[in-house]
Amino acid sequence: MSSSSKKIDTQNLPITLATPHASGQANRLYRIDALKQELELHAFKANIVDMEQLSIEGAVVIFQRPSVFDLVRLKELYSFGVRLYLDIDDLCLNEQLLPERMKSSDSVLNLSRATERCMEYLSGVIVSTPRLEEIVRSISTLPTFIRKNVMPIEKLLPSRSARMQSSPQLIAYTSGANHDEDLALCGKALLRTATRADEIGFRAIGTVTLPRWEEEGEWWQDADEWPHLRYDALLDLLSDSCQVGVVPLVQDDWNRSKSLCKWMEYTVAGLAVVAS
């Protein structure tokens, strides 16, 4: 972990990594596990607990995605002198920073408001991209650190390789809500590819709204749609039956602030990746 300002003090150990119980995102368990590995490379000792199980015994707590339910606990920890660091990988810092397309999501709005309210308790912020570091520094004087290892690739890599002989050949797209504009970037290109080759299918995983172009929407209607999956199940689904993963991203600060997790996930699963 690198910083252009100061290093996290190692004198008071251990460090506790707190997972947010309300987020429901299993992939964040992998992200915080990667952070634990990175801390251990720098001689830190860290343990992982659920946010609800946090105690005041630790000198340093690093947490992700605070919810409104976490604010009381964070304030209590702060009052006992615990140093709190927020590990964040998106632009949910306050409502004003959100692009318009994200403001229609209640979960994104609530997360942004909770994050803004917890900033006064923080000793620093940990981010995963240089652009996100710039934005944090523009709204806060808190020390900001960049983490390099956002996913524990070595834990995910073994035994995962795409089965290229499967039929049909599947193009995969995984996403949460409010990414309709991203998928629309490559939607018609995918349609043209499908019409030029036999047995090419599309698999959408997560909260995905598929385009419905009247003149050529039949391919989308036949898409294989899956809900959000447990993270290991997601990687298995990708590696067992998909050949290509697409990561279209609109060029705005929301996407510029994100890390390369989707590219990493597809690559680990053995897929070829087309990304913007």
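Q: Is Arg-83 buried or exposed?
A: In this predicted model, Arg-83 has a relative accessible area of 18%. Buried means under 20%. Arg-83 therefore counts as buried.

Q: In which strand does Arg-83 lie?
A: Strands are numbered from the N terminus. The strand that holds Arg-83 covers residues 83-87. This is strand S5.

Q: How far apart in space are Arg-83 and Tyr-121, C-alpha to C-alpha?
A: In sequence, Arg-83 and Tyr-121 are 38 residues apart. In space, their C-alpha to C-alpha distance is 8.3 Å.

Q: Where on helix H4 do its buried residues fall?
A: Helix H4 spans residues 130-139, and its buried residues are Leu-132, Glu-133, Ile-135 and Val-136. Seen down the axis of H4, they fall within an arc of 165 degrees, so they line one face of the helix.

Q: Which exposed residues does the face of H4 turned away from its buried side carry?
A: The buried residues of H4 pack against strand S6, strand S7 and helix H9. The face turned away from that buried side carries Pro-130 and Ser-138.

Q: Which elements give two or more residues to the lining of the largest cavity?
A: The count is 1 cavity of 30 Å³ or more. Its lining includes Tyr-173, Ser-175, Asp-180 and Leu-183. The elements giving two or more residues are strand S8 (169-175) and helix H6 (180-196).

Q: How many charged residues are in the lining of the largest cavity?
A: The largest cavity holds about 30 Å³ of space. By class, its lining has 3 nonpolar and 5 polar residues. The charged residues number 1.

Terms used
Residues are numbered from 1 along each chain as its sequence is written. This is a predicted model: local features need pLDDT of at least 70, side-chain atom pairs count only at pLDDT 80 or more; totals for chains, interfaces and linings use all residues. Side-chain values use heavy atoms; hydrogens and water are left out. Buried means under 20% relative accessible area, exposed over 50%, partly exposed in between (1.4 Å probe, protein chains only). Helices (H or I, at least four residues) and strands (E, at least two) are DSSP runs, numbered from the N terminus. The arc is that of the directions from the helix axis to the C-beta atoms. Contact means heavy atoms within 4.5 Å. On a 1 Å grid over the protein atoms alone, a cavity is a set of points where a 1.4 Å probe fits but cannot get out, and a pocket is an open set with protein on both sides within 12 Å along at least five of seven lines; lining residues have an atom within 4 Å of a point. Grid points are joined across faces, edges and corners, and a volume is the space filled by probe spheres set on the points. Ala, Val, Leu, Ile, Met, Phe, Trp, Tyr, Cys and Pro count as nonpolar, Asp, Glu, Lys and Arg as charged, and the others, Gly among them, as polar.
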